Amino acid sequence: LTPQFSSAELGFDIGWMGSWADSKAFGKSMDAWMSGGGDIAAEFDEVIDCAAHELASAVVINAPDGAPENGVVIFNGCELQDGKSHRDAFEAHMKLGASMRESGSKASSWLFYPGMGSATEYDYWRVVAFKSYSDLGEGLETYTNGGGWERIAKALDPVASCGSSAVFDARLVRTGAQ
């Protein structure tokens, strides 16, 4: 992930995002990395500092069509309103996601919950991905002139407050076992 648009100091120049099918696969992958990844880690260290690592649990709102590809990924940090729960936010995002899909949005989306190593001040991240800037542009048109901002406000304002967006170019480097 390389930053494209952001109003905040991100604290990094490039990000590496990976995922696993489940927590068991994560554990096996980490064991393999810890026992045999030293050479690759040393090569990474020659090019970039990968000192910080964070884990998050992801919940799918709108699943992508097919395997991951290059694209555009948007992160918004969200804070729950007083008295609201993660369940309330999930339900609001599911309702919003369905509404946006009905409006023609090509976005895939998730909620990421901070986990081990996380230093975020947010309760969760809203993550939205598009396969291209053209798809993002269509989504922005739906948001701006197609009533999307009103649907978002109606669904989310009572439950959570999501901050400004950080937009990243996403480049697929490798795929794991599917």
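Reader: Does A160 count as buried or exposed, and at what relative accessibility?

Author: Buried means under 20% relative accessible area, exposed means over 50%, and partly exposed lies in between, with a 1.4 Å probe and protein chains only. At 2% relative accessibility, A160 counts as buried. A160 lies in strand 6. Before we continue, please note that this is a predicted model, in which local features need pLDDT of at least 70 and side-chain atom pairs count only at pLDDT 80 or more, while totals for chains, interfaces and linings use all residues. Residues are numbered from 1 along each chain as its sequence is written, and side-chain values use heavy atoms, with hydrogens and water left out.

Reader: How are helices and strands assigned?

Author: Both are DSSP runs numbered from the N terminus: helices are H or I with at least four residues, and strands are E with at least two. As a case, A25 is in helix 1, residues 23-36. A25 is partly exposed, with a relative accessible area of 28%.

Reader: Which strands pair with strand 6, and in what sense?

Author: Two strands pair if DSSP finds at least two bridges between them. Strand 1 (residues 2-6) runs antiparallel to strand 6 (residues 160-170), and four bridges join them. Strand 3 (residues 71-80) also pairs with strand 6 in the antiparallel sense, over nine bridges. F168 of strand 6 is the bridge partner of P3, and F168 is likewise the bridge partner of V73.

Reader: How many residues of strand 4 are buried?

Author: Six of the seven residues of strand 4 (residues 108-114) are buried, and the strand is mostly covered.

Reader: How many salt bridges does the structure hold?

Author: A salt bridge is a side-chain nitrogen of Lys or Arg within 4 Å of a carboxyl oxygen of Asp or Glu. The structure holds two salt bridges. In one, K106 and D135 have their closest N and O atoms 3.6 Å apart. That pair links distant parts of the chain, with K106 in the loop between helix 3 (86-102) and strand 4, and D135 in helix 4 (residues 133-145), 29 residues apart. In another, E138 and K106 have their closest N and O atoms 3.4 Å apart. E138 lies in helix 4 and K106 in the loop between helix 3 and strand 4, so this pair ties together parts that are 32 residues apart in sequence.

Reader: Which residues form the nonpolar patch on the surface?

Author: Patches are made of residues with over 30% relative accessible area and no salt bridge; like charges are joined within 9 Å, and nonpolar side chains (Val, Leu, Ile, Met, Phe, Trp, Tyr) within 5 Å. Accessible areas come from the Shrake-Rupley method with a 1.4 Å probe, and for residues only the protein chains shown count as cover. The nonpolar patch is formed by W16, W20, M30, W33, M34, I40, F44 and V173, with about 840 Å² of accessible area together. Helix 1 and helix 2 are the elements that give two or more residues to the nonpolar patch, and the largest share, three residues, comes from helix 1. F44 lies in helix 2 and is partly exposed, with a relative accessible area of 31%.

Reader: Which residues gather in the patch of negative charge?

Author: Asp and Glu count as negative and Lys and Arg as positive, while His and the chain ends are not counted. The place of a charge is taken as NZ of Lys, CZ of Arg, CG of Asp or CD of Glu. On the surface, D39, E43, D45, E46 and D49 gather in a patch of negative charge. D39 lies in helix 2 (residues 38-47) and is exposed, with a relative accessible area of 64%.
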